[in-house]
Structures are given as structure tokens and as C-alpha cells.
Amino acid sequence: MRCLAILLSLAIVGGCQPQVESNIPVEGLVYCSEGSPITFNPQLDISGTTADATSHQLYNRLIDFDPQTGKLIPSLASSWSVSRDGLTYAFQLRKHVNFHHTAYFKPTRSFDAKDVVFSINRWRDPNHPFHQVSGGRYPYFDSLGLRQIIKEVNLVNGYRVEIKLHYPDSSFLATLATDFAIILSEEYANQVMAEDKPELLDLRPIGTGPFKFYRYRKDAYIRYLRHDGYWEGNDSVPKLIYDITPRSSLRLAKLITGECDVIAYPAQTELQVIEERADLKLEERPGLNVGFWAFNTARPPFDDPRVRQALALAVDRKTLLDTVYFDTAVLARGLLPPSSWAFDETLQDTSYNPVQAKKLLQEAGIEPGFSMTIWAMPIERAYNPNATKMAELIQHYLAEVGIRASVISHEWGSFRRLLLQGQHDSVLIGWSADNGDPDNFYRPLLSCSAIASGSNRANWCSPEYDLLINQAVRNADESVRLGYYQQANQILAEQMPLLPIAHAYRFQAYRTNISGLQINPFGGISFANVAKEPN
Amino acid sequence: MLIAIGRRLNLLIITLFILCLGSYVLAFLFPGDTLTNLSGTPPLSADQSHQLQLMYALSEGWFSGFWTYLKLTLSGDWGVSLNSQTPVFDDILYLLPASLELSLYAMVISLLVGLPLGVLAGLKHRTYTDLGILSVSLAGFSFPVFWLSLLLILIFALQLGYLPMSGRISLLYDIPYHTGFILIDILQSDVAVKDAALKDALRHLVLPTLSLSIVTTALVIRLIRRSVVTVYSSDFIKAAYTKGLSHSQVFWRHGMKNALLPIMPQLAMQFTVLLTNAMIVEVIFSWPGIGEWLIQAIYQRDYPAIRGGMLAVSAIVVTFTISVDLIVRILYPLNKRQFYAQA
């Protein structure tokens, strides 16, 4: 009721002249975030809220993704090399990188190889003294099975670290660049261990990032101060404050009154209000996600590629894009979004062709009046903000080619359970990637082993395809990998286990006096070098 | 006199006792494990569970269980919040000043505005002034607090952009926590931009205080008006005029004193209405007080916090009401006949 009233009020406000007179000192930036972080160490949590709050503010990783190109760029590791067999990774570390100097920790040395070995071994080695601290669960690394891939982590000398793998994995570097692979301070860990409060390592954090921790009150605020000795140089605002505001309408209202400078996750319905105001800026970039319509290939007649082709041809995806995403997404031609380096420019799009669809159905022996189910996921996600509406549109298109479709939806928990049991004919769902590596799309969505783990919604298994993506990941050369992925795309286009629909944009809304803020499609928000002009 | 004080104190102690009993019973009535509802720590092992059993003396019958609970409550051990795992009592102590501060300022404003207007309306009984004031107060009285708050936000924060709409002070000012009263804390702090911080805190106070005080002001006006009308129609005022006293003499020596005295407890009682309304206002203005905290606790089914919050708020209301009553009795002792309402 209250939210509704605020929303209504916002709708009215849309056209008014802003007269915000602010006497707030400009040396600080307020970011209205959507929730409290679970911990201040993103190794321990997979949620975007934790990563947004900590990863790029407090810490650095060995390597980073360039937010524009998605290529790997040096961070704490100034350079790296991979042995010819793809089993040994050597990292040359940056010198003179300072850890945060705070009231509770005075570093006596700068960053070196010991910190890297410590940070990786903490989640890798179950016998590490810090492994069990704060719960002992490292969900991101566990889900990738990284502990089984890494053989050993060796300190070569003060600024050189070597990581040996059991078998080659060309997505390994990308994994090290994700929000979760941050570098902690070994010296600080020793200090808190000596104080017999090891959990402070994750609650009162120390890192090398552009901001240092100052104060935190759950469900209220996080205060960060600028880290003046930051190795990359620092033109950021002196204070960074997270104002924790779970309600999206309230975040928008605070953005309008100037109480927030930047807000997290504006809702799709609020985007127009932001766009219409001169003092607010809405930025959008394609995100690393894909929304798709998967056919359950384990069930006849969907085991016939001709039927899947026909269904794909019968649907006009441009209309879906307009009505479901309100122009906040790009049409998907394959699994990978255009921002990925492995995006295949030559990929042919499946066009809308009901005549061809009817012909294919006839060939496959599908009689007019055939009935099937479309499962629509019950929750909103960026990659599909309204699956039910989309399912109803598809229902309409299928009726035109003589197929009677019914839309099915369950509560999210049972929805996923029933999907896992393979009860669906087809399902509208999607995928958000955690890093820029193409393997993060190809493997979990369609590999044979992903059927068991539940992310292969098409229950589609092709040894040929698996071979291609395995060869791609065992090879370090990007152009060679691209060749394999192009072949895999070819198989997908012919087999059509799923119809990619859209890559949704990511949005960021802020006041126009903020500069230097970039959307990072490969992970959490970063406030490094973000500046604020006086109003 | 002593008897009167004794009776009030007795009432206070008994009421607080019943409140404690009520809050203890709640722990049994809430769904889930009683021990968890009491302590806020879901026992991880049988050993831990046994320790909690001992701590709350649950196996020794309900009487000694309640006795133990009473002792724990009085010593400030109210269990921990299920959600944040922080001690409930500390949370309440931390948040309560914010709510009290808001209610206090609203009360002051209500009295400053309501008193003169009420007296004026009472003196000009049945004139256009009276009717005007009365209808405005009726309107103010009829506004639901949440609607008024939203309206004020809509106009002054969103449309005009004059005032902020959430919190006690811009988070850019880092004011150390001493008393919990933001204005006092600012004055005590050694931040460089004290003036700006003070101005900012006052700007944050305007809208919530206003939305809170409008309803109370209306109530105060109506109370005082009625009392003034009654007093001015009584015989002793006529007698005073007959004696030849001037208007101001009658007003100050006889009118005011006799009009205000009987409604003092009722005026003070408005503070408890304020405290209740403050909870709603706190949620709307994201004011970090006990109301917002309690509503969050209710959303999250945080039973120890709900129990503690209920106990704290009701204890404050009861204590405040009875103390005001007591103070009025001490300051203006009535004779025994009046006290027992034998007119």
C-alpha cells in the first residue's frame, strides 16, 4: 500500500522541475544499495549484494576484466604466463602495493607472494588454519570444482607465484578475475589469529582496494574511506557510503531528492521516470546473460530436431522483445551475448517463418491440434522480467501453426524441482554468467554432465558438442578456441535444443554530477575513480 | 498524599509485572521452539540446548521459570535477535533515543501551537474564530498519519525538493553515537562542519515532526478549548468579573490555572499517542528508531525482538503515564473528596 503510494507519487513527479538545493558536503558519495552484505569477504558468498559491496571497493584480484572489451587485464599480477601444456600458470606480482592502513591494522610490509598463496590456499586447502573460519564454505569455487583442478600453489620468490593444475582449463584465468577471487592480507590474518579472533578477517576487512573499511551497521549503512596509498592512484571521492535501502521505490525517491547519488537495480517500471528527469542519468549496457526457450529433448516428439526447428521458426522474437523487455534487451543470436570476446559475428539468426514451420511440422508427422506445455518461471530476472507474459505470446504464435500450448507455472522451489525431474515439454528460463569466459555459457547450459547438475534444461546431450567445448577449454589460444565455439554454434543451430531469445541490459542510475562510473558487465559495481561535482 | 503516591507506585509495579508475565507467555505462544523464542539462539547441539534449559530454568515448573526470566529481564539480558544475533536490549537502548527524540519535538511543537490556539478558541466560543480553529483541528485530527506523511513527502521532498525524506541526518556526516539524541550528539561531537551538520539534521527533522505533531496539535486544541469553555462558564469567573477584575487579571489568575490543571494528565497522555504514531512515521521516513526496528522484526518473524520491543514500548508508555499522573498530584494536591471524585 505504502509502496504503491510512493510509486504513484513518483509517477506524478515525473514532469516537475527539480529544485534540489543541496548543502551536503560534496566530499562523499552515497550509493543506495539493495541489501546488507553477508560478509566482507566475497570468497565466502556468491550473492551479488556481497560482491557489489566489497569486491571492487576493498580488494583487488590478480587479474581483472576490462569492462569495455571483456579481455583480461593485469591487476595485482603485472604479468602472467601459461606453460605450453596449459598446466602451469606463473604470475609476476606488482611491487609497492599497499594494504589499507586503518585504526585496527598497521601494515608493516606491502603486498607480496605470501598474500596470494594465503588467499588461494584459504579456500583450496581444507587443512589451512583459516579454512574453517566463518563457516568454511566457498560456494563459487566449490561450484566450479576448482579445488579438484588445482594441484598446488607455489611461492617461487617474493613476487612470483606458480599455480599448477591437474589438467588444462583455459577458463582458469577468467575464474581468477571474478569478484570472488580476491587477495587478502596474510599479515593481517596472522594478527587476528594472534588476537584469537580469526573471524575478524572477514568482518573487519583489510585489502588493497581503492577504499578502506571504516564502519558498518547492518541494514543501515557501510562507510568506506578513500585509500590514499592505492597503487593505481586514486581520484575517488574521499568517502563512500552505502545507504542500505531494500525498497526499490524508496531508492528511486532518494535519488530524486538527492539523498542518493547512485542507486542499485532500478526496476524496469521505474526506468521511464529516471529517463525523463534532467538531473538523473540512466545508463545501460548489455549484460552477460541469456534468456531462452529450452525444449525437453528427452521427451518425444521434441527429440526430433525438425520439431524444435519448427517451434523456433514459429515465434516472432522481436515482438517478445518489445512487449516483455520494453526495449531493455538485445535479440540473442546464440548463447553468447555480443559483449563476449567469443561472440560469433557470422552467426545466422533464426528468422520468423510460420510457413516453413508448418512445413517442418508436417514432415515430422505432427498433426494439427497437437498439444504441448510451456513452463514459465514464476520470478523476475533480468534475462526474463515476465516469463508468463512471454509464454502467453508464444502460445498465440504456436496456435497459428496449429499447436495448442498450455502455460504452466509453479512456486519457484517446486518449479525447479519438477524441471529437474524433466516434467516439462519446454521451459522459458535463462542464465547469468559470473565471468566473461564463454565456457561459463556453453558448459553449464548444454553439456551432458550438466543434465545431472540441473542446469541443462533441454536435457540435451551431444558427445560431439561436448568434445568441442572440452577441446576449446583445454586450449589457451583465443582464436583456436573461437574456432571450436563456432563449430559448436553450428551444431546448436542445426539441433536447436533451445531457442535463445534475449540478452538483457544492465542498468545503472545516478545523478548527473557523478562522473567516472562504469557498468561492469563482468561483476560487481566499482567506485574507483568515481568523482562528484558540487551541485 | 502518601497514600496517593503509594497507590500510583503500586499500580506501576503491578502493571510492569503483568507486562513481564505477558511477554514471558508470548515466548510460549509464538510458533517454534520456546527456548529459541526466549534466547534468540537456535541451539546447535544437545549440550547447548541443555545449557539454555538450565539458564531459563524451564524444567523446574513455570513459576521458577518465570522467576528466572524476571531476574534475567531486570538484569538486561533480553536474549538476542534471531535475525542479527545482537542482544535485543542493546538494540533497543541504541534505537530508543531516536524515537523519543522525534516524539519529544513533536510534543513540544504540539503544545506550542495547540495551547494558544485552544485558548483562543475557548475564549472566542461560538464565533467565527472558534469555528475556524475547530474545523482546522478537526481536519488535522482526521488525517491518517501515514497518509499525511506521504503527502508531505510528495510535496516538500519530491515535488519541491526542499527537504530530505529519509533518515535523521545525511550519512555523509559521521556523527559519533553518545546519547542517541542526534542534536545533542552533534553539539557534543568535534566534527568540523558542526553548523552544516546541525542544519542538515534539522532539515531531516522537519517533515517527520510535522506529520507527527499535526494530529496531536489538533487533539491538544480540542482538549484545551473544551476546558476553557467549561471554566469560563463557571460561577467563580463570573464572580471575579463582578469583583471588577480586568480581562487579563481574570484570565491569568483564574481562567488559565483552572482550565489547564484538570487536563494536565490528558495532555501528557498525548505523548503516548505520539509514541505510537511515531512508529508509523518512522517506517515512512526510514527513521532509525524503535518503530522501524519493530516492524522489521515483525516482517522477519524475529520473536525475541518482537517480545523485547513490545515489552520496552509498553513499559515506557506505562511508566510515563503513571509518572505524569504522580507529578500532577504532587504539584497540585487536591483534597480527599476531589481525589475520590466525590464532588
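Predicted model: local features only at pLDDT ≥ 70, side-chain atom pairs only at ≥ 80, totals over all residues.

Modeller: Start with the idea behind the pairs. Side chains of opposite charge can pair when their charged atoms come close. Over all chains, the structure holds 22 salt bridges. Let us take some of them in turn.

Begin with Asp112(A) and Lys114(A). These two form a salt bridge, and their closest N and O atoms are 3.5 Å apart. Is Asp112(A) buried or exposed? Asp112(A) is buried, because its relative accessible area is 10% and the limit for buried is under 20%. Lys114(A) has a relative accessible area of 36%, so Lys114(A) is partly exposed. Asp112(A) and Lys114(A) belong to a network of salt bridges that links them with Arg109(A), Asp115(A) and Glu186(A).

Next comes Asp202(A) with Arg122(A). Their side chains meet in a salt bridge of 2.8 Å, N to O. Asp202(A) sits in helix α8 (residues 200-203) of chain A and Arg122(A) in helix α3 of chain A, so this pair ties together parts that are 80 residues apart in sequence. Both partners, Asp202(A) and Arg122(A), are buried.

Now turn to Arg299(A) and Asp425(A). They form a salt bridge too, with the closest N and O atoms 2.9 Å apart. Where do the two residues lie? Arg299(A) is in the loop between β13 and α11 of chain A, and Asp425(A) is in the loop between α15 (412-420) and β17 (426-432) of chain A. The pair therefore ties together parts that are 126 residues apart in sequence. How covered is each partner? Arg299(A), with a relative accessible area of 32%, is partly exposed. Asp425(A) counts as buried, because its relative accessibility is 11%.

Stay with the loop that holds Arg299(A). Pro301(A) is also found between β13 (289-295) and α11 (305-313) of chain A. A cis peptide bond joins Pro300(A) to Pro301(A), with omega at about 0°.

Some charged residues of chain A form a patch instead. Glu275(A), Glu276(A), Glu284(A), Asp322(A) and Asp327(A) make up a negative surface patch. One of them, Glu276(A), has its place in helix α10 (residues 271-276) of chain A.

Two other residues of chain A stand out for their backbone. His96(A) is not a glycine, yet its phi is positive, at about 55°. His96(A) lies in the loop between β5 (88-93) and α3 (113-124) of chain A. His96(A) is exposed, because its relative accessible area is 65%. Asp219(A) is not a glycine either, and its phi is positive at about 60°. Look for Asp219(A) in the loop between β8 (211-217) and β9 (221-226) of chain A. Asp219(A) counts as partly exposed, because its relative accessibility is 45%.

Finish with Tyr383(A). This residue lies in the loop between β15 (370-376) and α14 (387-400) of chain A. From C-alpha to C-alpha, Tyr383(A) and His131(A) are 35 Å apart in space, and they are 252 residues apart in sequence.

Notes: Residues numbered from 1 in each chain as written. Chains lettered and ligands numbered in written order. Heavy atoms only, no water. Patch = residues over 30% accessible without salt bridge, like charges linked within 9 Å, V, L, I, M, F, W, Y side chains within 5 Å. Areas by Shrake-Rupley, 256 points an atom, 1.4 Å probe, with all protein chains shown as cover. Salt bridge = Lys/Arg side-chain N within 4 Å of Asp/Glu carboxyl O. Lys, Arg positive; Asp, Glu negative; His and termini not counted. Charge placed at Lys NZ, Arg CZ, Asp CG, Glu CD. Helix = DSSP H or I, 4+ residues; strand = E, 2+ residues; numbered from the N terminus. Buried < 20%, exposed > 50% of the residue type's maximum accessible area, 1.4 Å probe, protein only.
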